[in-house]
Amino acid sequence: MRGKKKSLPWAVLGLVLALLWCALGAPLTQSEWEGLPARISRGWRQMPVQLARIFSLWYTPQASAMAQEEAPLLRVYDTEADAVRLLSLENYVIGVVAAEMPASWPEEALKCQAVAARTRAVGSSGMYGGTGCASHPGADVCTDSACCQGWLSPEGRKAKWGDSWQPLEQRVEQAVAATRGQVLTYEGEPIEVLYHAASGGQTEDAAEVFSRSVPYLCSVESPGEESYEGYAVEQRFTLEEAAQLLLAAFPDCGVEAGALPSQLEMVSLSDTGRVKEMRVGNRTVEGVEVRAALGLRSTLFTWETEGDTLIFRVRGYGHGVGMSQAGARAMAAEGDACQTILAHYYPGTVLAQLP
Ligand SMILES: [Zn+2]
């Protein structure tokens, strides 16, 4: 036993000397011994770089393991693939921004879209107390823009952008990274985010569209949208087409193609000029119902008859509540920052960082 205890320090010393010998590059010849001081001094000077390299090798796997642990995985129901994808929140947001806003738009507008997309996902996700996608139980969100938010897969983005894929992908990734973890909150909770393509100059109060008031979804001005190509459009129907569509939506309304011009009448408008109620034959229906029946781009419309054609002049695109994407683009083009734009369209909200 005593012999073993005595031999241990010698074994350790031998090992240290062997390691030192190897570290010094095992000098054997005269010239190698002579060059040793220079090599030691070079090694000493390079030590910080070597230590940094060793530290980064040690740290990187730890950091990525931590990131993986912390990255919340969303259950995204991909309606096209009919499958659930597990995606990190930030990866999901990249796909939403790509689907919901032209990637060539100003960076500050893309950043607004990223915050809006992230806030909506967080509000819906079970991980943050949400109830998930209403149409697809078991999923946090789906990729149907009519239900949750549009979403483009990496392959879908390549197909959509073609030759411009690289710069556009980079723009979207940058906008998402620049707002990483940022969500809009009201009284400490993620807000109910609604947005639309264009408001037609003034956004709508949620109470007018969804019959419930939300403090931060009130009507605000949205100047500069005129440059948006879908700002104002004409949608034309023959009287026969329009009567059929209206009868399909309101079977007991009693409209007839020949009499249709006299069977349509405005009943009431919202404060922003959107059709709130109108008479269709013998029924009074909501503007949003007429919009859905005829596939109009918004409820901000007027109409007139020319011969046997019914012409709807429609301004804006979408329900008009929350952020106008065209308005966000206009504000960004004027030099407004993402935070200013979001504060304009969602008044009273606070931009917060996810823990
Ligand atoms: Zn959904």
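**Exercise 1.** At what angle do helix α6 and helix α7 pack, and how far apart are their axes?

*Solution.* The model is predicted: local features require pLDDT of at least 70 and side-chain atom pairs pLDDT 80 or more, while totals for chains, interfaces and linings use all residues. Residues are numbered from 1 along each chain as its sequence is written.

Step 1. Locate the helices: α6 covers residues 154–161 and α7 residues 165–178. Helices (H or I, at least four residues) and strands (E, at least two) are DSSP runs, numbered from the N terminus.

Step 2. The angle is about 130° and the axes lie 9 Å apart. Axes are lines fitted to C-alpha atoms, for helices over the stretch in contact, and angles run from 0 to 180 degrees between N-to-C directions.

Step 3. Angles under 35 degrees count as roughly parallel, over 145 as roughly antiparallel, 65 to 115 as roughly perpendicular and the rest as oblique; α6 and α7 are therefore oblique to each other.

Step 4. Arg157, Lys158 and Trp161 of α6 meet Trp165, Leu168 and Glu169 of α7; contact requires C-beta atoms, placed from the backbone, within 7 Å.

**Exercise 2.** Determine how α5 packs against α7, and which residues make the contact.

*Solution.* Step 1. Helix α5 (residues 107–124) packs on α7 at about 60°, with axes 8 Å apart. This makes α5 oblique to α7.

Step 1. On the α5 side, the contact is made by Glu107, Leu110, Lys111 and Ala114; α7 contributes Arg171, Val172, Gln174, Ala175, Val176 and Ala178.

**Exercise 3.** Which residues of the largest nonpolar core touch the most other members?

*Solution.* Step 1. A nonpolar core is a set of buried Ala, Val, Leu, Ile, Met, Phe, Trp, Tyr and Cys residues joined through C-beta atoms within 7 Å.

Step 1. Among the 59 residues of the largest core, they are Tyr92, Val93, Val97 and Cys112. Helix α5 supplies the largest share of this core, 9 residues.

Step 2. Setting aside residues up to four places away in sequence, Cys112 touches Met323, Ala328, Cys338, Ile341 and Leu342.

**Exercise 4.** Is Thr143 buried or exposed?

*Solution.* Step 1. Thr143 sits in the loop between β3 (141–142) and α6.

Step 1. A residue is buried if 20 or more other C-beta atoms lie within 10 Å of its own, exposed if 12 or fewer, and partly exposed in between. Thr143 has 26 C-beta neighbours inside 10 Å and so counts as buried.

Step 2. The C-alpha atoms of Thr143 and Val96 are separated by 8.4 Å, although 47 residues apart along the chain.

Note on methods: Contact = placed C-beta atoms within 7 Å.
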